[in-house]
Amino acid sequence: MDAGDEIRSAHKREFLEFLDQDVGKGIYIDEIRKMIHHKRRRLVVNISDLHDYNTQLARGLLRNPSEYMQPFSDAVTEVTRNLDSKALKEGEQVLVGFEGPFVSRRVTPRDLMSSFIGSMVCVEGIVTKCSLVRPKVVKSVHFCPSTGQFTTREYRDITSNVGLPTGSVYPTRDENGNLLVTEYGLCKYKDHQTLSMQELPENSAPGQLPRTVDVIVEDDLVDSCKPGDRVAIFGLYKALPGKSKGSVNGVFRTVLIANNVSLLKKEASAPIYTPEDVSNIKKISDRADTFELLGNSLAPSIHGHSWIKKAVILLMLGGVEKNLKNGTHLRGDINMMMVGDPSVAKSQLLRAIMNIAPLAISTTGRGSSGVGLTAAVTSDQETGERRLEAGAMVLADRGIVCIDEFDKMNDQDRVAIHEVMEQQTVTIAKAGIHASLNARCSVVAAANPIYGTYDRSLTPTKNIGLPDSLLSRFDLLFIVLDQMDPDIDRQISEHVLRMHRYRSMADGGDEALLDSRYGRADDSDIDSVYVKYNRMLHGGKVTKSKKPDTLTSNFLKKYIHYAKHRIQPDLTDEASDHIAIAYAELRNAASNAQSGGGTLPITARTLETIIRLSTAHAKLKLCRKVVKSDVEAALKVLNFAVYHKELNDMEEREQGRLKKLGSEHIADRPNDNNIRATNQTMRGMNAMDVDDHPTAEASMFLDAERVELFETRFGHHVVANHFSDTSNISVDDIEKVVNAGLEIPFTRTDLLSLLKKLQDENRLMILDNGRTVMMI
């Protein structure tokens, strides 16, 4: 036995003692039993346990892992065979992976320097590219027909822990020159895949390109992550000699040979439920205000938008996907769009969705192309083969795609997502590749109106400026307005100021901020259900009965995950009849010319929307059946979206303010009339002057609000009656429509002055001495 074998045997004895129940802690015997039960072939060891047992052994493993990895693997294999002799095949070995706090060796791709070569490190980053999984030969078996003998040959490369790398040439003749035939069925292979890992964009140095490191994963680690995942990879950092023609190149290429891949956001995508969590989830589902509670718990830092938050909750729960026997696919995902003025928290709502949803991919209209959203055909650098590179919507399969600045996209790129939003597949026919990829995702889009801000004199369709073929694919379309109301402005300002003044203890250090980036929650908030009341954060004195409940983000994630994946409701006859009646009423209202039209075209897709929203509400209540109350709750959300209730509420508040203003003027008028009568008597004015004066007085009340009210009412009248260009409208009809329900009506002089203003803007033409108006 040479010196190298003696050292390996000594290390193997130390690791056997570490795994043994009597000498070491023995905690890994149970782990090995679990590994055998689940038929896995890799034992993950926490480096802290090894450090507590033997500091020198742990240090040696980190500094020179190539010396220790194979003895550790041999020790685990021996213990596994002693526990269960049938667990492993002949010649099969158990692999070893590591985890735990690597302290100074926990680095990013930018920090990987030459001092780490040959040692074990933990590298954190985001996976940008995955190669195809290919088999790599470990042992080849050859048969010689002349002699009838079998010969074997083993192959080792840079990833092997034992011995020097061998050549990769297959033997074709034996020592005597006889031909050999390869027996492919007897050869041994292992899976091989290469990854590219890039440093996290938020941690990269400003103004510099993010660094990348190549990772080699083998055996059971292949396909353990996909592009877009944030991972921590534990492995051995090695240098490969550079390929140079003739001369020796001193520059080496480095790779990371992985022994464990840990997803940093894995706990968010698959939460672990304790019995207390399940009982709390069922308690909340039994409450009468479950819908309002979950809506208020989503993005509590955003004031208002309660209906939009409720719609987002239903979107994250989703309906039930159906694949019929005849091949028809009925999507269960809900698509939503928000259109409105700048600075109304549209983008912040998208960020809130990304924080709560287990899988969400964010993109912008200008920063993404059609192929970037769907799929592209690229060339593999290793083999030169054509292969598909998945886009954002394919990567977000079973997740949510958030598209900000949706109106800034090119028309060609926008057409690319038509198929995804309804059929939920991406079909590619390029460069000889015909493929159909799944893209079963919900789309949440935010856009500004066509003129930058919402023009209330135009219809919602003209403000949005998107084709009906795209709008009908959105289940919900919300108009979000910047409301100029003193009470609302005061509430928003108080809310924003409270958020800026509040600073929790958890946010005090850089470590807390780093943990929140990687999705690791604070331990104190993991088990709590409700957010603790804080006067600085939640406002002034609030009685216990009026104190609003808010769920913590961790519990909200658990509730949504539980309701989405455990409950699959069925439609009842009662709910089906109610949906059919509601759909017929919506169609009838849309065809009625006086209704003015809604934000979305009412088509057969709207019927499916009602079904999806009702099913999502039944999931919310953890109910196996969709009942009438679920349909009514879904219709409230749909009516708010379709009939732009926010715009109507805003107009009602303005009319209320105008009525209040008018009543004040009416209360003041008797005194004005007395003064006016006294003045007229003193000056000896004739009756003509007296009749004209109230008209002049009335025209003085045409402030900005009155002008805006006239333009809004006139615009709705034009749209509701479908007046096109060259249509004639009677001024008497305009006067009736505009003055309906007003305490201070517009006089004929006011109307003519306002119409003349529109004529100066080339929007209409006044005919017949002010009796008729023609639209231009």
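Here are a few questions and answers about charged residues in this predicted model.

Visitor: How many salt bridges does a search of the whole structure find?
Guide: A salt bridge here needs a side-chain nitrogen of Lys or Arg within 4 Å of a carboxyl oxygen of Asp or Glu. Searching the whole structure for such pairs gives a total of 16.

Visitor: Arg42 forms a salt bridge with Asp220, so how many residues apart in sequence are the parts that the pair ties together?
Guide: The closest N and O atoms of Arg42 and Asp220 are 3.0 Å apart. Arg42 sits in strand E1, while Asp220 belongs to the loop between strand E9 and strand E10. The pair therefore ties together parts whose separation in sequence is 178 residues.

Visitor: Is Arg42 buried or exposed?
Guide: Buried means under 20% relative accessible area. Arg42 has a value of 11%, so Arg42 counts as buried.

Visitor: Which residues join Asp475 and Arg612 in one network?
Guide: The side chains of Asp475 and Arg612 meet in a salt bridge, at 2.8 Å from N to O. This pair links distant parts of the chain, with Asp475 in a loop and Arg612 in helix H23. Salt bridges that share partners bring two further residues into the network with them: Arg331 and Glu608.

Visitor: Which helix gives the most to the negative patch?
Guide: On the surface, Asp573, Glu574, Asp577 and Glu632 gather in a patch of negative charge. Glu574 is partly exposed, at 46% relative accessibility. The helix giving the most, with three residues, is H22.

Definitions and conventions. Residues are numbered from 1 along each chain as its sequence is written. This is a predicted model: local features need pLDDT of at least 70, side-chain atom pairs count only at pLDDT 80 or more; totals for chains, interfaces and linings use all residues. Side-chain values use heavy atoms; hydrogens and water are left out. Patches are made of residues with over 30% relative accessible area and no salt bridge: like charges are joined within 9 Å, nonpolar side chains (Val, Leu, Ile, Met, Phe, Trp, Tyr) within 5 Å. Accessible areas come from the Shrake-Rupley method with a 1.4 Å probe; for residues, only the protein chains shown count as cover. Lys and Arg count as positive and Asp and Glu as negative; His and the chain ends are not counted. The place of a charge is taken as NZ of Lys, CZ of Arg, CG of Asp or CD of Glu. Helices (H or I, at least four residues) and strands (E, at least two) are DSSP runs, numbered from the N terminus. Buried means under 20% relative accessible area, exposed over 50%, partly exposed in between (1.4 Å probe, protein chains only).
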